[in-house]
Amino acid sequence: MIRGEVARIKMRGESMTRDIGDRGSVKDSAAGGRGGVPLWVGIVVIVGAFLMALGGVIALVKPGMMLAPHDAITEGVVVYAGYLVARNLAVALFLLIALALRARGQLSLMVLLAGCIQLFDAVLDLKEGRWTLVPGVSILGLVFLLAAARLSGFAFWKAGAWRGSVEGE
C-alpha cells in the first residue's frame with residue numbers, strides 16, 4: 001500500500017477505512033464513529049469517567065459518605081478511602097486519555113477494567129447492604145462491558161478474544 005492511500009476494509013460487519021499517513025502511522029475510523037469509537041461509547045466513557053472521578057473526590061473530601069450512617073470514621077476508613085481515590089481517579093484519567101487519543105485497543109481494555117470494577121463494587125454493595133447503590137453501579141458496570149465488547153469487536157467473555165483469534169466466537 002502506498003503512503004497516503006486509503007483502503008476500505010470490512011471487519012466484523014463494520015465498514016472501516018484505514019489511512020496510512022505521511023509518516024506511516026495508521027488511523028482507523030469506523031463508519032459513524034469518531035476515530036473508530038462509536039458516539040454512544042464515547043458518551044459512556046465520558047459519563048462513566050466523570051462518575052468514577054466524582055466518587056473519588058467524594059471519598060477524598062467526605063469519606064464518611066462511604067459508610068452507613070451509624071458507622072464511625074476510623075483511620076482505617078480514611079486509608080481505604082485514599083485507595084479508592086487513587087483507583088477511581090487513575091481509571092477515570094486513563095479512560096479519558098485513551099478516548100482523546102482514539103486508542104481503541106487501550107480504551108477497550110480500560111472500559112473492560114472499569115466495568116469489572118463497577119460490578120465488583122456492586123457485589124460488595126450487596127454484601128454490605130447498600131441496596132440503593134446496587135442498581136446504578138450494576139447498570140454502569142454492564143454498560144461499560146457492552147461498550148468494551150463493541151470496541152474490541154469480540155465477545156471478551158470467550159477465550160478467542162483473549163488469544164486474538166476469532167475461533168472463540
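Is Arg-130 buried, partly exposed or exposed? Arg-130 is partly exposed, because its relative accessible area is 27% (buried means under 20% relative accessible area, exposed over 50%, and partly exposed in between, with a 1.4 Å probe and protein chains only). We come back to this residue in the fifth view. The structure is a predicted model, where local features need pLDDT of at least 70, side-chain atom pairs count only at pLDDT 80 or more, and totals for chains, interfaces and linings use all residues. Residues are numbered from 1 along each chain as its sequence is written, and side-chain values use heavy atoms, with hydrogens and water left out.

**View 1. The whole chain has five helices and five strands.** Helices (H or I, at least four residues) and strands (E, at least two) are DSSP runs, numbered from the N terminus. Starting at the N terminus, the order of elements is β-β-β-β-β-α-α-α-α-α. Of the 169 residues in the protein chain, 36% are buried. Take the contacts between residues at least 6 apart in sequence: 47% of them join residues at least 24 apart. Here, contact means heavy atoms within 4.5 Å.

**View 2. Helices H3 and H4 pack against each other.** Two packed helices are described by the angle between their axes and the distance between the axes. For H3 (residues 104-127) and H4 (residues 134-152), the angle is about 155° and the axes are 8 Å apart. That angle makes H3 roughly antiparallel to H4. Axes are lines fitted to C-alpha atoms, for helices over the stretch in contact, and angles run from 0 to 180 degrees between N-to-C directions. Angles under 35 degrees count as roughly parallel, over 145 as roughly antiparallel, 65 to 115 as roughly perpendicular and the rest as oblique. The crossing of H3 past H4 is left-handed, meaning that the near helix is turned anticlockwise from the far one by less than a right angle (clockwise would be right-handed). In this contact you will find 17 nonpolar, six polar and four charged residues. Ala, Val, Leu, Ile, Met, Phe, Trp, Tyr, Cys and Pro count as nonpolar, Asp, Glu, Lys and Arg as charged, and the others, Gly among them, as polar.

**View 3. Helix H1 also packs against H4.** Their angle is about 140°, with axes 10 Å apart, which makes H1 oblique to H4. H1 passes H4 in a left-handed crossing. On the H1 side, look for residues including Trp-40, Val-41, Val-45 and Met-52; on the H4 side, those they meet include Phe-144, Ala-147 and Arg-150. By class, this contact has 13 nonpolar residues, one polar and one charged.

**View 4. The largest nonpolar core has 25 residues.** A nonpolar core is a set of buried Ala, Val, Leu, Ile, Met, Phe, Trp, Tyr and Cys residues joined through side-chain atoms within 4.5 Å. Val-45, Met-52, Val-91, Leu-95, Leu-107, Val-111 and Phe-144 touch the most other members. At least two residues come from each of H1 (39-61), H2 (75-100), H3 and H4, and H4 supplies the largest share, seven residues. Find Leu-95: not counting residues up to four places away in sequence, Leu-95 touches Val-45, Ala-49, Met-52, Leu-107, Met-110, Val-111, Ala-114 and Phe-144. Met-110 itself belongs to H3 and counts as buried, at 19% relative accessibility. Met-110 and Val-45 are 65 residues apart along the chain, and their C-alpha atoms are separated by 9.5 Å.

**View 5. Arg-130 sits in the loop between H3 and H4.** Leaving aside neighbours within four places in sequence, Arg-130 is in contact with Met-66, Leu-124 and Asp-125. Its C-alpha atom is 9.2 Å from that of Leu-67, 63 residues away along the chain. Asp-125 is found in H3 and counts as buried, at 6% relative accessibility.

**View 6. Arg-102 lies in the loop between H2 and H3.** Although Arg-102 is not a glycine, its phi is positive, about 55°. At 43% relative accessibility, Arg-102 counts as partly exposed.
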